[in-house]
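This report covers the arrangement of strands and helices in a predicted model.

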Amino acid sequence: MEKSKIVKKIEAFAPLETQEKWDCSGFAVQTARNDIKKIMLCLTVTENVVRQAREQNCDMIISHHPLFFVPLQWRDIDIYCAHTNLDKAQGGTTDTLIKTLGFEISDTQEFVRYVDVEITVEECLMKLKAISPNLRYVNNNGVNILKRIAFCAGSGSEFIQEAYDNGADAFVTGDLKFHTALESPIVVFDIGHFESEILVLPVFERLVGSEVKFIYADEKSPFQNLDNQN
């Protein structure tokens with residue numbers, strides 16, 4: 001499949017012009033290769049992922065996280081990233097998380113999505129724990145019933161106040177910091193950066209189609225949970 005055709009399909013869904021100004025979505029490495037037969041999908045491009053791609057004879061790597069620096073030794077394989085533009089796209093990163101949890105989106109505010117549903121904190125915890133072994137949460141006000149939940153996959157704790165202002169009594173995201181948790185006016189569920197975004201990779205496969213073979217990188221969160229160790 002022509003490389004340009006692959007990129008056009010992704011960018012029709014998640015246009016590059018919608019990415020944040022600080023972001024670096026698009027080609028991180030673009031070689032002279034045109035015909036793409038095998039693509040490795042990953043959340044983050046690392047030395048290990050590049051090695052896997054080479055061992056699997058992949059022509060291209062597509063990742064969610066962008067690269068702001070590319071080592072010289074990686075420049076023999078095409079690397080394409082879709083980051084904040086994929087976050088903002090309808091059906092993108094956060095939407096995929098919500099769909100996986102069995103919820104329906106009620107409202108959209110650029111990065112942040114809202115779900116209106118009556119559910120207990122305990123019930124919400126059980127749903128989230130099914131996709132994240134690294135789940136932790138904050139409930140400063142002892143809330144029991146949730147009626148409006150805000151979502152932002154990845155590192156979205158900066159939107160907690162916005163979620164509160166928009167009527168949310170809970171927020172689901174990753175990478176929650178201590179003082180942010182301490183000061184949160186609403187319940188916050190930190191499911192982990194990796195766990196909140198890894199679910200989006202099949203979206204790339206659906207967008208590009210069956211003309212190309214896809215290989216999923218063997219990657220995991222760098223954080224380990226003692227409860228899951230033997």
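Six strands form an open sheet in the order E5-E6-E8-E9-E10-E7, and the pairing is mixed. Strand E5 (107-109) and strand E7 (136-138) are at the edges; each has a single partner strand, so one side of each is left without a neighbour in the sheet. On average, neighbouring strands of this sheet are turned by 25° against each other, direction ignored.

Within the sheet, strand E6 (residues 112-120) pairs with strand E8 (residues 145-155) in the antiparallel sense, over six bridges. Arg-113 has Phe-151 in E8 standing opposite.

| Helix | Strands | Direction |
|---|---|---|
| H4 (residues 93-100) | touches E6, E8 and E9 (170-174) | about 135° with that of E8 |
| H5 (residues 121-129) | lies across E6, E7, E8, E9 and E10 (187-190) | about 120° to E6 |

A further contact joins two helices. The axes of helix H1 (residues 3-13) and helix H9 (residues 201-208) come within 9 Å and cross at roughly 120°. H1 and H9 are therefore oblique to each other, and their crossing is right-handed. On the H1 side, Ile-6, Lys-9, Ile-10 and Phe-13 take part; they meet Val-203, Phe-204, Leu-207 and Val-208 in H9. Sorted by class, this contact of H1 with H9 has seven nonpolar residues, one charged residue and no polar residues.

Key:
Residues numbered from 1 in each chain as written. Predicted model: local features only at pLDDT ≥ 70, side-chain atom pairs only at ≥ 80, totals over all residues. Heavy atoms only, no water. Pairing = 2+ DSSP bridges. Helix = DSSP H or I, 4+ residues; strand = E, 2+ residues; numbered from the N terminus. Axes fitted to C-alpha atoms, helices over the stretch in contact; angles between N-to-C directions. Contact = heavy atoms within 4.5 Å. Parallel < 35°, antiparallel > 145°, perpendicular 65-115°, else oblique. Left-handed = near helix turned anticlockwise from the far one by under 90°. Nonpolar A, V, L, I, M, F, W, Y, C, P; charged D, E, K, R; others polar.
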